[in-house]
Amino acid sequence: MIDYEAKPCVECGAEFIPHSPMSKYCPACAPKVYRRKHTERVRRWRTRMKENEQQWRAETTS
Ligand SMILES: [Zn+2]
């Protein structure tokens, strides 16, 4: 295991030891932020699917 230097969490500013150089959030915020990002992704995907469906309907009907 490599130990990285403590750095402040992007979300709450608390110092934490990251598990990887990519980590930006403390263990308390990581799941919260991940869930938020996931929700946004799903919402965008749903919007896109709805647009595709409307386009598909427009092409197939009339
Ligand atoms: Zn945090």
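Let me begin with a definition: a residue is called buried if 20 or more other C-beta atoms lie within 10 Å of its own, exposed if 12 or fewer do, and partly exposed in between, with the C-beta atoms placed from the backbone. What we have here is a predicted model, in which local features need pLDDT of at least 70 and side-chain atom pairs count only at pLDDT 80 or more, while totals for chains, interfaces and linings use all residues. Residues are numbered from 1 along each chain as its sequence is written.

The protein chain has one helix and two strands, arranged along the sequence as β-β-α; these are DSSP runs, numbered from the N terminus, with at least four residues (H or I) for a helix and at least two (E) for a strand.

As for overall form, the C-alpha atoms fill a box of roughly 65 × 25 × 10 Å along the principal axes, and buried residues make up 2% of the 62 residues in the protein chain.

Turning to the helix, H1 has 31 residues and reaches 44 Å from its first C-alpha to its last, close to the 45 Å expected, where the expected span is 1.5 Å times one less than the number of residues. Because the number of buried residues among the 31 of H1 is zero, this helix lies largely in the open.

Finally, consider His 19, which sits in the loop between strand S2 (15-16) and helix H1 (30-60). His 19 counts as partly exposed because it has 13 C-beta neighbours inside 10 Å. From His 19 to Arg 57 the separation is 38 residues in sequence and 48 Å in space, C-alpha to C-alpha.
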